[in-house]
Every structure is written in structure tokens, then in C-alpha cells.
Amino acid sequence: MRDLTLASGEAGAPCRWDWGAELSICPSCPQAQQAKFLSDVENELEELAVTIAQAKKMVELIKGAATKERERFEKLFAEASEVLAAFQKEVAGFIEDGERFMLGEAEADLRWKEERRAKLAQCKQNLENVPSTDTIYFLQEFQALKVAMEENLSPALSFQNELNFTKCTQGVSAVKDVLSAACKKQWDHLQGKGIDGLKFQETEEELAESRFPDKSNNPACLESRDYFLKFAFIIDLDSDTADKFIQLFGTKGAKRVLCPIPYPESPTRFINCEQVLGENLMNRGNYYWEVELIDGWVSIGVIAEDFNPQVSYNYSRLGRNEKSCCLQWNGQNYVAWFGGCKSVIQQPFFHTIGVFLEYSERALTFYGVKDSKMTCLQQLKVSHLAKGQFDPFQNKINQQFASLFLYKLKPAFFLESVDAHLQIGPLKKDCVSVLKRR
């Protein structure tokens, strides 16, 4: 073995062990422990310097990302505010224009009536003041009163029973409800309340699907008119149901008139509402027919066979009860009606309306027809809403629409305004062989 000898150095120098020819620092010396500790500290400082630099980069990254996100969301909120402000301005303008236009006509009509009343009253007073012995003067005043009575050219109001601008509240309320529901759903999504991105996306798709049902797999949603012509249904208007203020042209045309028509009495005739039915029944399969809107306010729909046509005006109108439904054109837009509830449809005017009844599916769909293209305006069918969604019209459909199909149904038409005029559309014979159903 090698000899171990202690080599003593100068004062203050660390002790060294002599291991043969090799020397090493004594591990038990304080100086050696201090050197190792300082080395560890140096290594820690270097590691901290690296991690601090990384942490600084992370802080700057977070700040930068938050700043950019804040700028983007503020920009989007500003754009959304501009959209809402523009919508608010348009609605306010719509109300003002409607009020100014309708008020002008109403005030003119009021002035005319007041002037006519004053003139008649004056003529009547003049006639009463004529001495009984003055026959010539009496005849003159009587003739003046007669002329005044015959001057009954009241300025016609261009609007009918409904003030269109009063629908603004309904439209704004719908926007508010949609906006509120979307904000809540997005906030829940941001907070991660039990849904991940995929589930949230599926929820959004379900919401859209419940409001506008996806009919892509249903042939009734195809754009081609040829498909529907396979179910063409010949409609003959039933003169025994026509109100006395509806003039029929054969079995295909109907127009509302001012002078009553002396139809014979019939238990199936409407007496309080200007409506007429088709004489054909529908109780199975699919049916398709078309109606040409020639003039005025017209409603097209179906009605239960056993509906009492002699009930009050408010209840007998199509769609204002649970035994009928319809699509109404009111001169401004389309409105779907059922059970007294309505849904306004934002679509352009179509001269021809296609009606497709799927009796077994308990569905009724209205289409705008132009050339060979079909545009779905509204489908009435039970379709459950997504959780948290509120739609009064669809709720009414879900609750009571299916019961309508417990009855045999008839095509129904409501000529609402004094100038209303419709024609049952001829279906092209070269497209399909039309069979008249029993």
C-alpha cells in the first residue's frame, strides 16, 4: 500500500492529502465545502437567469395576446353596436314613415267626413227653414240636399285593418331574445360549464336545426317543381261554401266584391267571413296545389271538414282557430297562422304559391314558385325546440297541430281585403299525369 502522509501547506491554504504522487483537497476542510457551495450557487444563478428570461417572454406573450384579443373583441363589439344602432334607426324610421303616411290618410279621411257631415247638416237645416208656401225654394234646397247625399266619394285608405308599424315590437323582441340566448350560451361556453368545444358546436347545430328543420333528406325540400307535380291535386271551389261577398269564376277563380251575391242558403256557407273552400277532401297520402295571387290580401290553407262556417268573424278566419291554418299575404309580407298565433316570414313576393300537404307526416309546407324553382316559405310540423329556446308559434304547433289531422281536411281560401283576387293555378299537364283524388 501507499503511505499516507499529511502535507501541511502555508497558513490559510487548504489541507492536502498525499496519496502517493497525487494530491487532493481534503473533503472535510471548510474551504472545500465553501467552494462546492459557491459552485452550486453559481449553477443556480445561471439556471434562474435562463428561466427568468423564459418567464419574461411568457409574461410579454400573455400581455400581447390579451391586448390583441381585447382590441379584436372591442372592434367586434363596436361593429355589433353599429349593426344594432343601424337596426334601431331603421325600425324608428319605419315607425315614423308608417305613422306619417297612415296618419296623413286617416286625417284626410277624418276631415272629409267632418266636412261632409257639416254640409249635410247645413243642407238639412236650410231645407227645414224653407217656408211651407215657397215650393220653388223648397225644391231647390231639396235638390241641394240630394246632391250632397250623393257625393259619397270618400278617399279610399290604402292600408286596411292592420297598422304595419305595430309589428316593430315583435321584431325587436325576437332580436333581443336571440341575442340574449346567444350571449348566455357563449358565456357558458367560455366558462366551460360542462361542455367542450365539440359538444358546444353540436348544441349550436341542434339549436339551428330546431328553428329551421333540416329537410335535406326529405324530397319535399328539393328545389325542382317536378317532384311536387307527381302529387298534383285538382281543386274545385265549392260554391255552397262561398261567402256572399265572394264572386266565383267557374270553379277556379274567386274575387271579393262589394255587392252581395244572392247565393242560395246552405249550411256549409260562410256568413261572417269572406272565405271559400275546395270541395275536395284530403285524408291520406300527399297533395300538392298552386294558387296565383292576383290582387289584395289573400290567405291560403286547409281547414277541418266539420268546421262550423257560421261562427263569429274573429274565430272563423283561417288560422285563428285550432281547426285551420294558413299562409297570409298582407301586402307587405307573408305570415303563417295557426290557433291564433302567427309567424312573420321575411321573403319577397311570389305571384304563385305552392301548397304541399303530407297527411301521413302531419306536415303542411308553403312554397314560393317561380319558373321551376321552389322556395320554402314556411313548414308547419311538430319540431321540438332546443333547451332554453322560446318560440310561441312553434310551441303552438307542437301542442295542437297534430290534432288537426284527426279530421278530413279541405283546401281553404280567405279573401281578406276588398280587392282580393285569386286563381287556382293550372298545373302543367306535360310535367305529370294529374289524377283527381276522391
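Modeller: Throughout, a residue is called buried under 20% relative accessible area, exposed over 50%, and partly exposed in between, with a 1.4 Å probe and only protein chains counted. This is a predicted model, in which local features need pLDDT of at least 70 and side-chain atom pairs count only at pLDDT 80 or more, while totals for chains, interfaces and linings use all residues. Residues are numbered from 1 along each chain as its sequence is written, and side-chain values use heavy atoms, leaving out hydrogens and water.

Colleague: Why does Lys176 count as exposed, and why does Asp177 count as partly exposed?

Modeller: Lys176 has 53% relative accessibility, which is over the 50% limit, so Lys176 is exposed. Asp177 has a relative accessible area of 35%, which falls between 20% and 50%, and is therefore partly exposed.

Colleague: What makes the meeting of the Lys176 and Asp177 side chains a salt bridge?

Modeller: The N to O distance is 3.8 Å, and a salt bridge asks for a side-chain nitrogen of Lys or Arg within 4 Å of a carboxyl oxygen of Asp or Glu, so the pair qualifies. The structure holds eleven salt bridges. Another joins Arg72 to Glu69, with the closest N and O atoms 2.8 Å apart; both residues lie in helix α1, three residues apart, which is about one turn of the helix. Helices (H or I, at least four residues) and strands (E, at least two) are DSSP runs numbered from the N terminus. Arg72, at 48%, and Glu69, at 45%, are both partly exposed.

Colleague: Why does Phe338 count as buried, and which residues does Phe338 touch?

Modeller: Phe338, in strand β10 (residues 334–338), has 0% relative accessibility and is therefore buried. Not counting residues up to four places away in sequence, Phe338 touches Glu322 and Lys396, among others that include Phe393, Ile397 and Phe401; contact here means heavy atoms within 4.5 Å. Thr241, in the loop between α5 (226–229) and β4 (246–249), is buried as well, because its relative accessibility is 2%.

Colleague: Why is the pair of Tyr227 and Phe356 called edge-to-face?

Modeller: Rings of Phe, Tyr and Trp (its six-membered ring) pair if their centres lie within 6.5 Å, and planes under 30 degrees apart count as stacked, over 60 as edge-to-face and the rest as tilted. The centres of Tyr227 and Phe356 are 6.4 Å apart and their planes stand at 75°, so the pair is edge-to-face. Tyr227 in helix α5 and Phe356 in strand β12 (residues 352–358) are 129 residues apart. Both are buried, Tyr227 at 18% and Phe356 at 1%. Tyr359 and Phe405 are also edge-to-face, because their centres are 5.4 Å apart and their planes lie at 75°. A search of the whole structure finds 17 aromatic pairs, and one aromatic cluster is formed by Tyr227, Phe228, Phe231, Tyr288, Phe356 and Tyr367.

Colleague: What makes Phe37, Leu38, Val41, Leu45, Leu48 and Ile52 a nonpolar surface patch?

Modeller: Patches are made of residues with over 30% relative accessible area and no salt bridge, like charges being joined within 9 Å and nonpolar side chains (Val, Leu, Ile, Met, Phe, Trp, Tyr) within 5 Å. Leu45, in helix α1 (residues 30–129), has 49% relative accessibility, so Leu45 is over the 30% limit while still counting as partly exposed. The six residues together make a patch of about 550 Å², with accessible areas taken from the Shrake-Rupley method, a 1.4 Å probe and, for residues, only the protein chains shown as cover.
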